[in-house]
Amino acid sequence: MSLTQPSPQPGFVDRLVARSGWVVAGIVALLTVVLPLGAFALWTEDAPEVRVLETERKLSALVVDDDVRILIIDTRNRERARDALGRLYRPWEARPQILIAPATDDAAIGLWTVLEDTDPRQVLVAGSPGALPLWGEIEAECLRRGIPIQFIDDLTTVTTPRLTVSIFGREPESEDARAVVIRRGDANVVLAFDAGRLPAQGQVVITAGRGDEVPADLLITASDEPRETPRREIIVASLRRVRVVLARDEVQVFGGARRGFDGSPTGSSIEEGVRE
């Protein structure tokens with residue numbers, strides 16, 4: 001019969017040294033990876049933004065601030081309205097809590113399409129609608145589902161954690177433009193639904209038309225018509241979105257094709273060709 005000598009058990013000091021290796025490794029990882037990532041997250045604030053999409057010669061947009069989503073829809077094309085839902089949102093994001101649209105017969109089609117596919121808490125319409133029967137159906141659907149709907153002739157404002165969103169309607173026969181103004185401190189973005197006098201001067205103005213007379217540091221447009229007098233503008237290509245980020249002290253624009261630039265617009269930071 002053979003006897004096997006048992007292996008000596010590690011003593012307390014040996015076990016402490018072995019365990020301390022893991023402790024040291026954890027501390028190193030904390031100092032070199034975790035803390036820098038945390039500092040980077042704080043430094044690169046997840047700023048609110050406006051995502052812009054061309055919707056058949058019109059521009060629709062999604063206002064994003066923390067968990068709040070406000071969809072601004074302007075299209076008569078039902079397919080493009082559904083495209084806006086698919087392309088303006090990331091897969092994990094919630095659907096819009098607020099829908100905004102201009103009181104035009106064309107926009108009624110897009111609004112109705114989005115209303116069918118979402119469950120908003122509120123619907124805001126810039127202006128007074130005409131006699132199109134679809135507007136009556138939209139009102140009836142909102143009433144049936146308990147969704148407040150408001151037709152705005154003057155001004156209504158909603159707030160998100162860091163933004164003030166003002167919806168400007170238009171009195172009949174007025175020369176003012178129906179528009180949405182999105183502000184964060186001194187930074188502001190204006191989305192104009194139609195031609196006319198803007199309710200505010202924006203660092204960035206979003207308009208589907210040429211916007212020849214629009215005062216702005218930067219124009220975001222769906223029109224690629226040539227201009228006699230160049231100006232700084234971002235052209236929103238079909239099915240491509242442009243992101244307008246309202247940082248702490250500036251407006252940053254990502255994506256689209258830029259035209260008329262000798263340098264970055266005053267008070268704005270421009271980056272071209274960034275796509276998600």
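The following is a conversation about how some terms apply to one predicted model.

Colleague: What should I know about the model before we start?

Modeller: The model is predicted, so local features need pLDDT of at least 70, side-chain atom pairs count only at pLDDT 80 or more, and totals for chains, interfaces and linings use all residues. Residues are numbered from 1 along each chain as its sequence is written, and side-chain values use heavy atoms, with hydrogens and water left out.

Colleague: What does the secondary structure of the chain come to?

Modeller: The chain has four helices and 17 strands. Helices (H or I, at least four residues) and strands (E, at least two) are DSSP runs, numbered from the N terminus.

Colleague: How many of the residues count as buried?

Modeller: Of the 276 residues of the chain, 43% count as buried. Buried means under 20% relative accessible area, exposed means over 50%, and partly exposed is in between (1.4 Å probe, protein chains only).

Colleague: Why are helix 2 and helix 3 called oblique to each other?

Modeller: The axes of helix 2 (residues 78-88) and helix 3 (residues 105-117) cross at roughly 50 degrees and come within 9 Å. Axes are lines fitted to C-alpha atoms, for helices over the stretch in contact, and angles run from 0 to 180 degrees between N-to-C directions. Angles under 35 degrees count as roughly parallel, over 145 as roughly antiparallel, 65 to 115 as roughly perpendicular and the rest as oblique. Helix 2 and helix 3 are therefore oblique.

Colleague: Is that crossing left-handed or right-handed?

Modeller: Helix 2 passes helix 3 in a right-handed crossing. A crossing is left-handed if the near helix is turned anticlockwise from the far one by less than a right angle, and right-handed if clockwise.

Colleague: Which residues make the contact of helix 2 with helix 3?

Modeller: Helix 2 brings Arg78, Ala81, Arg82 and Leu85, and helix 3 brings Ile109, Gly110, Trp112, Thr113, Val114, Glu116 and Asp117. Contact means heavy atoms within 4.5 Å. By class there are five nonpolar, two polar and four charged residues. Ala, Val, Leu, Ile, Met, Phe, Trp, Tyr, Cys and Pro count as nonpolar, Asp, Glu, Lys and Arg as charged, and the others, Gly among them, as polar.

Colleague: What makes helix 3 and helix 4 roughly parallel?

Modeller: Helix 3 and helix 4 pack at an angle of about 30 degrees, with their axes 9 Å apart. That angle falls in the class for roughly parallel, so the two helices get that name. The crossing of helix 3 and helix 4 is left-handed. Among the residues in contact are Leu111 and Leu115 of helix 3 and Trp135 and Ile138 of helix 4. The contact divides into nine nonpolar, no polar and four charged residues.

Colleague: What covers the buried residues of helix 3?

Modeller: The cover includes strand 3 (68-72), helix 2, strand 4 (98-102), strand 5 (122-126) and helix 4. Among the buried residues of helix 3 are Ala107, Leu111 and Val114.

Colleague: Why is the pair of tryptophan 135 and phenylalanine 151 called edge-to-face?

Modeller: Rings of Phe, Tyr and Trp (its six-membered ring) pair if their centres lie within 6.5 Å; planes under 30 degrees apart count as stacked, over 60 as edge-to-face and the rest as tilted. The structure holds one aromatic pair. Tryptophan 135 and phenylalanine 151 are 6.0 Å apart centre to centre, with 75 degrees between the planes, and the pair is edge-to-face. Tryptophan 135 is in helix 4 (residues 133-145) and phenylalanine 151 in strand 6 (residues 149-152), 16 residues apart.

Colleague: Why is tryptophan 135 called buried?

Modeller: Its relative accessible area is 1%, so tryptophan 135 is buried. Phenylalanine 151 has 25% and is therefore partly exposed.
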